[in-house]
Amino acid sequence: GCGDSYVAAQAAIPAFKKFAGKFGSNFSYGRAIEVARYLPFEEKQSPYTLVVGVSCSGGPARVQEVLRRANHYGCMTLAVTNNPDSPAAQEAKRSLIVNTPAFPNASPGLRNYYASLVGLYLLAASLGEATGCSAPGAVDGMADAIAAYTAAYEPLLAGYDEQMFRLAQSWKEFKAYDFIGDDIQFCTAFFTAAKIVEVAGGMTFTDDSEDWCHVGFFQKEPHRIGTTVVADRTANDRSRIGETIKQAAGIGRPVLLVANGGR
C-alpha cells in the first residue's frame with residue numbers, strides 16, 4: 001500500500017503470523033513502489049504466493065502496478081479496498097470490499113485506516129480458520145472482539161478530546177512534531193504524524209525509540225519540538241521507551257505519552 005495503507009499492511013503482519021502462520025508461511029509488507037519494481041517473484045513459488053494491494057480508494061497507480069506485476073508472474077492477487085469499481089479492484093483477481101459508510105467529513109482519513117486494519121485482521125483470521133491454523137470461529141471471535149474493543153472507548157472520547165485540545169493550544173506554535181513508536185506502535189506513530197500534516201500542515205518526523213536516541217536527540221531547539229511517544233504496556237520495549245522519554249524530557253522536549261497502561 002501507499003501512505004496510510006502501507007502502515008496498515010505493516011500493522012497487520014503480526015495478526016497473519018499469529019492466526020495463519022503455524023505451518024511456516026512467510027508474511028511480509030512492502031512499499032508499493034519497491035514491490036512494483038524490485039521484489040523478486042520466484043517462478044516456482046508464484047502459484048503459492050498471495051499479493052494483497054491495500055487502498056481505500058483503489059486509485060493509486062503504484063498499487064495497481066503491484067497487482068499487475070504479481071499477476072504477470074502468476075501470483076494470486078487480492079485488493080483490499082472500499083471501491084469495487086476502482087483500478088486496483090479491477091486489476092486484482094479477487095477483492096475484499098471493506099464497505100466504509102459515507103461521512104460528511106471524510107478528511108482526514110481516520111475511518112479508512114480503521115477499515116483497512118479491520119479488513120486485514122479479519123483476512124488473517126479467515127486464512128487461519130480455512131487452513132486449520134486457528135480454531136473454528138476465529139473470524140467471528142475476532143469480529144466480536146474488535147467491535148467490543150472499539151465500543152469500550154466511546155465513553156472516553158469526550159475526555160480525550162478536551163485533554164488534547166488543551167494540549168494543542170500550547171503546542172500549536174511548535175516548529176515540528178516528533179512521533180516515536182516501536183513495532184506496531186511505529187505504525188500508529190507514522191499514521192498520527194501523517195494526520196498532523198494533513199490537518200495542520202505541521203513538520204513531522206517518525207522514528208523508533210532506539211534510532212531517536214541516536215539521531216533525533218540532537219535536533220536543535222528541543223523546547224519547540226512536540227514529542228509524542230506511543231507505547232504498549234505488554235511490549236518488550238518498555239525499558240527502552242522509558243529511557244527515550246527520560247532523554248527527551250531531560251533536554252527540554254515537551255513530551256506526550258500515549259499508552260494503554262497507567263501513568
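**Helix packing and salt bridges**

Helix α1 (residues 4-20) and helix α8 (residues 184-200) have axes that come within 9 Å and cross at roughly 165°. Helices here are DSSP runs of H or I, at least four residues, numbered from the N terminus; axes are lines fitted to C-alpha atoms over the stretch in contact, with angles from 0 to 180 degrees between N-to-C directions. α1 and α8 are therefore roughly antiparallel, the term for angles over 145 degrees. The residues in contact (heavy atoms within 4.5 Å) include Asp4, Val7 and Pro14 of α1 and Phe186, Phe190 and Lys195 of α8.

This is a predicted model: local features need pLDDT of at least 70, side-chain atom pairs count only at pLDDT 80 or more, and totals for chains, interfaces and linings use all residues. Residues are numbered from 1 along each chain as its sequence is written, and side-chain values use heavy atoms, leaving out hydrogens and water.

Now the salt bridges, meaning a side-chain nitrogen of Lys or Arg within 4 Å of a carboxyl oxygen of Asp or Glu. The count comes to 11. Lys195 pairs with Glu198, with the closest N and O atoms 3.0 Å apart; both lie in α8, three residues apart. Lys195 counts as buried at 8% relative accessibility, and Glu198 as partly exposed at 44%. Buried is under 20% relative accessible area, exposed over 50%, and partly exposed in between, using a 1.4 Å probe and protein chains only. Asp4 joins Lys195 and Glu198 in a network of salt bridges.

In helix α7 (residues 157-171), Glu162 and Arg166 are four residues apart, and their side chains form a salt bridge at 3.3 Å, N to O.

Definitions and conventions:
Helix = DSSP H or I, 4+ residues; strand = E, 2+ residues; numbered from the N terminus. Parallel < 35°, antiparallel > 145°, perpendicular 65-115°, else oblique.
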